[in-house]
Amino acid sequence: MRAVRLSVVTAAATAAALTAVTGCAEKSDAKGGDGAVQVVAKDDSCAVSKTEFPAGHVKLAVENQGSKVTEVYVLYPDGRIVTERENIGPSTKANITAEVKAGDYTIVCKPGMKGAGISQKVTVTGGAKGAARSPEMDAAVAAYRQYVQAQAEETLPKVKVFTDAVRAGDVEAAKKAYAHSRIGWERTEPVAESFGDIDPKVDVREDGLEDGQDPAKDWTGWHRLEKALWQDKKIGDREKQLADLLDKDLADWVKRVGKADITPTSMANGAKELLDEVASGKVTGEEERYSRTDLVDFKANVEGAQKSFELLKPVASKNDPKLVAELDKQFAALNALLDKYRTDKTSYVFTSYEKVGKTERKELSDGVNALAEPLSKLAAAVVK
């Protein structure tokens with residue numbers, strides 16, 4: 001989620017740790033020699049080797065030559081996200097494969113992962129339909145679209161249990177419903193984030209607010225209420241208003257999610273993004289810093305990533321069977337590791353993250369890293 005992005009102040013200090021944990025800024029062979037669009041990100045520039053290239057499966061070979069952790073986006077003209085890669089540390093590279101249709105786009109580098117970033121306009125030429133798909137890939141996209149819609153629709157009644165408790169002023173009931181209300185969102189977060197404007201309303205952390213925003217007025221969503229419940233230990237009129245707003249914003253998400261632009265590569269990249277979310281927020285304890293329900297989000301992120309992988313497996317198995325075997329192995333290992341912290345094996349109840357020691361957190365980090373590295377190759381495997 002955008003809320004757990006590193007601040008500009010802390011990004012440089014933690015870049016090496018993030019790279020080791022996520023595999024997001026992998027030791028790539030991104031040289032641009034295979035027709036890739038080279039993106040060189042610095043603290044004050046975002047250089048793109050081509051401002052015009054053909055539609056279809058596009059590869060971005062990103063190199064961060066700056067001093068800050070950065071992220072790179074390809075955006076539609078209206079700000080929706082085509083694809084993205086977060087947490088690219090200084091002096092590291094990353095390959096991003098995406099299906100891009102003909103049209104005008106913007107490539108954005110965000111040094112420090114804050115603010116509007118540095119933009120470069122690009123034009124994608126060719127047929128409007130972009131890359132051709134096999135029937136198997138069409139089936140995967142259709143099934144994933146149904147999954148995302150179902151997760152969104154199932155979230156609303158769970159959120160209402162939470163927001164009803166907030167409106168009633170019942171702190172303990174709201175605490176009990178909080179983590180459960182977030183599961184569907186966490187499973188499908190990259191699709192929600194693709195709209196650009198919904199995530200900052202419902203899932204931003206206080207330190208994820210943009211410069212100039214006032215937390216007292218501009219901070220909304222789950223985590224603002226989380227702070228009220230666990231740190232402030234009280235519910236006032238403002239919190240009740242925020243509960244109404246959360247219902248409204250998530251209802252908007254449900255209406256719009258069916259219109260999301262979903263492709264096989266966006267599914268694969270989204271799976272990797274979910275692992276990056278785990279590494280940058282859940283393993284570190286940044287995500288649920290008041291409620292300490294990080295492991296619930298952790299499990300939901302892994303489930304969402306695994307769903308994308310399972311749907312893409314028929315295609316990926318033909319193109320890269322060794323990669324699929326490795327992903328099967330690492331998903332199983334990480335799920336087994338998470339189950340150690342499940343206090344009720346039949347439900348979504350996990351150990352409070354404050355009770356997970358440094359050694360155990362390192363073990364979780366290693367599990368995420370072992371899965372993130374091969375998962376970063378899934379997008380390329382489905383377009384071979």
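Here are some friendly notes on one helix and on the ring contacts of this structure.

1. First, the ground rules: this is a predicted model in which local features need pLDDT of at least 70 and side-chain atom pairs count only at pLDDT 80 or more, while totals for chains, interfaces and linings use all residues. Residues are numbered from 1 along each chain as its sequence is written, and side-chain values use heavy atoms, with hydrogens and water left out.

2. Let's begin with helix H9, residues 237–257. Helices here are DSSP runs of H or I with at least four residues, strands are runs of E with at least two, and both are numbered from the N terminus. How far apart are the end C-alpha atoms of H9? They are 30 Å apart, which agrees with the 30 Å that 21 residues should span at 1.5 Å a residue. The expected span is 1.5 Å times one less than the number of residues.

3. Which residues of H9 are buried? They are Glu239, Leu242, Ala243, Leu246, Asp249, Leu250, Trp253, Val254 and Val257. Buried means under 20% relative accessible area, exposed over 50%, and partly exposed in between (1.4 Å probe, protein chains only). Down the axis of H9, these residues fall within an arc of 145 degrees, so they line one face of the helix; the arc is taken from the directions from the helix axis to the C-beta atoms. An α-helix has 3.6 residues a turn, so residues three or four places apart point the same way.

4. The face of H9 turned away from the buried side carries exposed Asp237, Lys248 and Lys255. The buried residues of H9 pack against helices H2, H4, H5, H6 and H8, where contact means heavy atoms within 4.5 Å.

5. Now for the rings: the structure holds 8 aromatic pairs. Rings of Phe, Tyr and Trp (its six-membered ring) pair if their centres lie within 6.5 Å; planes under 30 degrees apart count as stacked, over 60 as edge-to-face and the rest as tilted. Tyrosine 76 and tyrosine 105 have ring centres 5.6 Å apart and planes at 45 degrees, so this pair is tilted. Both tyrosine 76 and tyrosine 105 are buried.

6. For phenylalanine 309 and phenylalanine 331, the ring centres are 5.5 Å apart and the planes at 20 degrees, so the pair is stacked. Phenylalanine 309 sits in helix H11 and phenylalanine 331 in helix H12, 22 residues apart. Phenylalanine 309 is buried, with a relative accessible area of 0%.

7. Finally, ring pairs link Phe162, Tyr178 and Trp230 into a cluster.
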